[in-house]
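Visitor: I would like to learn how to read a model like this one. Please take me through it feature by feature.

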Amino acid sequence: MKFFRSLFQQIYSFSNKTLVLAELEMRKLRHDPTELLTRAVQPALWLLVFGQVFTRVRAIPTGNLPYLDFMTPGILAQSVLFIAIFYGISIIWEKDLGVVHKFLVSPTPRAALVLGKALSAGVRGLAQGLIVVVIALLLGVHLNFNLLSLLGVALAVVLGSALFSTFSLIIACIVKTRERFMGLGQVLTMPLFFASNAIYPISIMPSWLQVVSHLNPLTYEVDILRQLMLVGGTGTYQIGFDLGVLAAITIILVLIGAVMYPKVI
Amino acid sequence: MKIIETRDLTRRFGELLAVNRLSLTIDEGEIFGLLGPNGAGKTTTIKILTTLLPPTSGQAMVAGFDVRHQAARVRKMIGYVPQLISADGTLTGYENLMIFARLYDVPRQEREERVRQALRYMGLEEVADKLVRHYSGGMIRRLEIAQSMLHHPRVLFLDEPTIGLDPAARRTVWEHIINLRQQFGTTIFLTTHLMDEADELCSRVAIMHLGQMAALGSPQELKTAVGRGEEVTLDDVFIHYTGNELDNGGNFRDISRTRRVARRLG
Ligand SMILES: Nc1ncnc2c1ncn2[C@@H]1O[C@H](COP(=O)(O)OP(=O)(O)OP(=O)(O)O)[C@@H](O)[C@H]1O
Ligand SMILES: [Mg+2]
């Protein structure tokens, strides 16, 4: 009995502390929402320019979906990816001040700190996702507003953000300076984006790229989104499988992050 | 029991011996000052004692727990204000405190009251709901000390608590430090470059030089020892032990860090 009570207490304390950090991010967004608007520009351009042009060209086989519809989940995933992959810079910034030090000296499990950061990125990702959805609606994309599907979309966005932001945190803990981090971030985003099913189906890729795409977590995120967001959307895998892949990678990364995070100082 | 006890505490960064066989004991309720030129190893010592850095060799016990093997227990017992700015400028003062009340397991029923109390105690009630970005340097420091005290720690580590503050703000921080000790019996371990600060606050000081302890005692004892009958200040004591007239301590990294903090706070 005593064992279970103490176990329960630890789990409660762990999740409480994780949630504090995510809540903190929400408060920051509320204090300064202007940043969200500037972030809306890039996905808007992709959908408007790239989407409209390629819808006309009909160069990419998308089944019976208009190309704009097909690429919308991909662009959502991409813009969430960009935010997450640069999220690690906040850790470097916090390290150059004394913020990380204070978190690390508090009696908070390292994994809770890292998971909290991951969920914070999830909060940002959700805000970004909402913006992309609004843009897509304005452009006449046929979105699916089934409540359960929306929940699934939100879950995929949070998981994807958590995954890539934790990856980013680990890199930040290794490179330690802003300059090196920015360079690496830029090197990473494009391959992650293009070697995925975000804006074209995997089936049209050369076979080596197909292999890479299957190793790319973004592919699984887009696969969920494409099935849930669109009216008549289809995917490659079962949604449960996609979610499982994302969750498993996230957990592994959080565990690695928990070891790396204290080394950032 | 000694509240802090180190034995041959050593930390290397590659070839550099940042802390070299430091042995110290500190009694509960002391205000202990660690002095020394830039790069002497003061911050590194604090980082080891607060579990941020593992020692390369030697031992350190804080509140009865080993900093290396019982880090989680140590963390519950201590509060820490880093040398650099550690309050979050994009949140309000109230929010900054609330986060740490939760991270330090202050029970839910008590949180609100503790946070309010801390704000009142540090004279920050009026600005509680303003973003910390708009605070003055002195207000930020007071907020940071408030954050580190929410869970009533047994030992409080303050790394250059008054760096970059004007004389009036400095005095206010001093008063709060003295109050904390009187009211809660908190042991305070601080570092400083200011000899008058050490003289005013500390029951004992250690002077560190190139990672090693060069002198240890109450300010009065050190003055007597160095002065040999003549009237000397703690400045003279400092120069005597560190030979620091020629400004030999501190590389670019140390200085640029210090300046950056001073600029942000000022
Ligand atoms: N992470 C690190 N990696 C390499 N060297 C370090 C690191 N941290 C500190 N040092 C070096 O260790 C020495 C002691 O640094 P420390 O920050 O403890 O000095 P300090 O006494 O606090 O100085 P200051 O008065 O400038 O704050 C310095 O030479 C510093 O450059
Ligand atoms: Mg220092």
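Visitor: Is Gly257(A) buried or exposed?

Guide: Buried means under 20% relative accessible area, exposed over 50%, and partly exposed in between, with a 1.4 Å probe and protein chains only. Gly257(A) is buried, at a relative accessible area of 0%. This is a predicted model, in which local features need pLDDT of at least 70 and side-chain atom pairs pLDDT 80 or more, while totals for chains, interfaces and linings use all residues. Residues are numbered from 1 along each chain as its sequence is written, chains are lettered from A and ligands numbered from 1 in the order written, and side-chain values use heavy atoms, without hydrogens and water.

Visitor: Where does Gly257(A) lie, and what is it in contact with, leaving aside neighbours within four places in sequence?

Guide: Helices (H or I, at least four residues) and strands (E, at least two) are DSSP runs, numbered from the N terminus. Gly257(A) lies in helix α12 (residues 239-260) of chain A. Contact means heavy atoms within 4.5 Å. Beyond its neighbours within four places, Gly257(A) is in contact with Val114(A), Leu169(A) and Ile170(A).

Visitor: Which protein atoms are donors of the magnesium ion (ligand 2)?

Guide: Donors are N, O and S atoms within 2.8 Å of the metal (3.2 Å for Na, K and Ca); water is not among the atoms, so sites may look incomplete. Here the protein donors are OG1 of Thr43(B) and OE1 of Gln83(B), 1.8 to 2.2 Å from the ion. They are 40 residues apart: Thr43(B) sits in helix α1 (residues 42-49) of chain B, and Gln83(B) in the loop between β6 and α3 (93-103) of that chain. Thr43(B) is buried at 15% relative accessible area, and Gln83(B) is buried at 12%.

Visitor: How many residues of α1(B) are buried?

Guide: Eight of its eight residues are buried. Among them are Lys42(B), Ile46(B) and Leu49(B). Thr51(B) follows the helix and has a positive phi, near 70°.

Visitor: What is the strand order in the six-stranded sheet of chain B?

Guide: Strands of a sheet pair through backbone hydrogen bonds, either parallel or antiparallel. Two strands count as paired if DSSP finds at least two bridges between them. The open sheet runs β6-β7-β8-β3-β9-β10 (chain B), with mixed pairing. Its edge strands, β6 and β10 (212-217) of chain B, each pair on one side only. β6(B) is joined by four bridges to β7 (residues 155-159) of chain B, and the two run parallel. Gly79(B) stands opposite Leu156(B) in β7(B).

Visitor: Which way do the residues of β6(B) point?

Guide: From β6 (residues 78-81) of chain B, Ile78(B) and Tyr80(B) point one way, Gly79(B) and Val81(B) the other, and all are buried.

Visitor: Which strands does α6(B) lie across?

Guide: Axes are lines fitted to C-alpha atoms, for helices over the stretch in contact, and angles run from 0 to 180 degrees between N-to-C directions. Helix α6 (residues 167-184) of chain B lies across β3, β7 and β8 (187-192) of chain B, at about 160° to β8(B). Helix α9 (residues 234-242) of chain B lies across β3, β9 and β10 of chain B, at about 35° to β9(B).
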